[in-house]
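Subject: Structure handover

Hi,

Here is the structure I promised to pass on. My notes on it follow below.

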Amino acid sequence: MSQTATTDPQPEASGTPRRRPALSPSRASDFKQCPLLYRFRAVDRLPEVPTKAQVRGTLVHSVLEKLFALPTGERLPERAKELLAPSWTELSADRPEWTALFDGDEQGEVENWLESAAKLVDNYFELEDPRRLEPEACEQHIELELDSGVLLRGYVDRIDVAPTGEIRVVDYKTGAAPRQIGEAKAMFQMKFYAVVLWRLRGVVPRQLKLMYLTDGQALTYAPDEAELRRFERTLEAIWQAILRAGKTGDFRPNQSKLCGWCDHQARCPEFGGTPPEYPGWPEPDAGEESPLDRAD
């Protein structure tokens with residue numbers, strides 16, 4: 001295995017860095033759900049309008065990351081909620097299109113939205129006391145090339161390492177997806193992270209922990225090495241299927257209950273639409289996740 005996260009991409013003649021196509025948890029999940037959705041997001045890169053709930057999730061992730069950067073004694077609910085408004089100012093400055101979600105709303109809409117984010121922060125404190133934790137990393141970018149040549153890439157919300165070396169992978173969930181579907185996708189994501197960390201460190205994570213901030217519940221799971229080996233083969237098979245589809249442009253739709261949340265029904269043959277002309281396999285990268293992916 002080889003870690004490639006610290007390798008700088010080689011620039012083209014134009015000076016624009018080119019990155020190898022990679023597999024991320026979100027894009028792998030897209031392909032499993034619907035190959036055409038993968039194409040729309042990773043190949044065509046069609047824009048999607050985020051929801052206020054998705055942006056709120058990104059905001060809460062940002063606040064929790066900043067919370068763990070504070071001195072231990074300051075990691076209190078009120079201090080965390082004080083971070084909401086400045087974090088929103090910072091995020092919306094980088095992505096002004098997010099503020100357009102509130103155009104035309106009543107004066108107090110942003111305040112009410114921030115209050116709903118504050119409730120998620122309060123729910124987080126019902127699940128654990130951050131004063132008792134010292135994460136090794138928050139919002140950690142991880143990247144690994146498997147022996148098969150598949151490049152895996154993603155962001156982990158939090159990595160905890162015990163003094164005895166046990167690793168816990170933590171992910172915050174703030175989205176409103178149905179629990180049965182959402183948990184299946186979330187556990188796929190967590191196993192993806194577990195494979196990368198296992199291969200990078202030689203240690204199988206002791207625990208995968210999902211923290212559902214909407215209802216204040218936590219789900220934990222303990223993987224074993226045999227399971228991660230099987231999951232690694234699953235990721236390799238997904239990537240090979242993506243490459244085969246990429247050569248021909250044959251990304252077929254797969255209709256399911258999740259179609260109701262898709263932004264691309266107007267372009268989908270399952271709903272009478274026509275996809276745009278296939279632009280060819282993407283460069284520089286088909287695997288990058290957005291902040292909205294990571295907050296879902």
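To start with the core: of the 38 residues in the largest nonpolar core, which touch the most other members? They are Leu23, Phe31, Tyr38, Leu152, Val169 and Phe192. A nonpolar core here is a set of buried Ala, Val, Leu, Ile, Met, Phe, Trp, Tyr and Cys residues joined through side-chain atoms within 4.5 Å. Buried means under 20% relative accessible area, exposed over 50%, and partly exposed in between, with a 1.4 Å probe and protein chains only. At least two residues of this core come from each of α1 (25–33), α2, β1 (137–145), β2 (151–161), β3 (167–173), α7 (179–201), β4 and α8 (225–248). Helix α7 gives the largest share, eleven residues. Another core, of 29 residues, lies apart from this one and has Phe68, Leu70, Ala117 and Val121 among its members.

Before the rest, some housekeeping. This is a predicted model: local features need pLDDT of at least 70, side-chain atom pairs count only at pLDDT 80 or more, and totals for chains, interfaces and linings use all residues. Residues are numbered from 1 along each chain as its sequence is written, and side-chain values use heavy atoms, with hydrogens and water left out.

Overall, the protein has nine helices and five strands, running α-α-α-α-α-α-β-β-β-α-β-β-α-α from the N terminus on. These are DSSP runs numbered from the N terminus: helices are H or I with at least four residues, strands are E with at least two. Of the 296 residues, 46% are buried. The protein exposes about 14,700 Å², with 48% of it supplied by carbon and sulfur atoms; the areas come from the Shrake-Rupley method with a 1.4 Å probe, and for residues only the protein chains shown count as cover. Take the contacts (heavy atoms within 4.5 Å) between residues at least 6 apart in sequence: 71% of them join residues at least 24 apart.

Tyr38 sits in helix α2 (residues 35–43) and is buried, at a relative accessible area of 0%. Its C-alpha is 9.3 Å from that of Ser26, twelve residues away in sequence. Val169, leaving aside neighbours within four places in sequence, is in contact with several residues, including Val156, Met190, Tyr193, Leu197 and Leu208.

Now the sheet. It is open, with five strands in the order β1-β2-β3-β4-β5 and mixed pairing; two strands pair if DSSP finds at least two bridges between them. The edge strands, β1 and β5, each pair on one side only. On average, neighbouring strands are turned by 40° against each other, direction ignored. Helix α3 (residues 52–67) packs on the sheet and touches β1, β2 and β3, its direction making about 105° with that of β1. Axes are lines fitted to C-alpha atoms, for helices over the stretch in contact, and angles run from 0 to 180 degrees between N-to-C directions.

At one end of that order, β4 (residues 207–212) and β5 (residues 217–221) run antiparallel and are joined by five bridges. They form a hairpin with four residues between them, and Gly216 in the turn has a positive phi of about 65°. Tyr212 has Gln217 as its bridge partner, while Leu210 stands opposite Leu219.

Finally, the cysteines: the whole structure has zero disulfides, meaning pairs of cysteine sulfur atoms within 2.5 Å. For Cys259, the nearest cysteine sulfur is that of Cys268, 6.3 Å away. Cys259 is buried, with a relative accessible area of 15%.

Cheers
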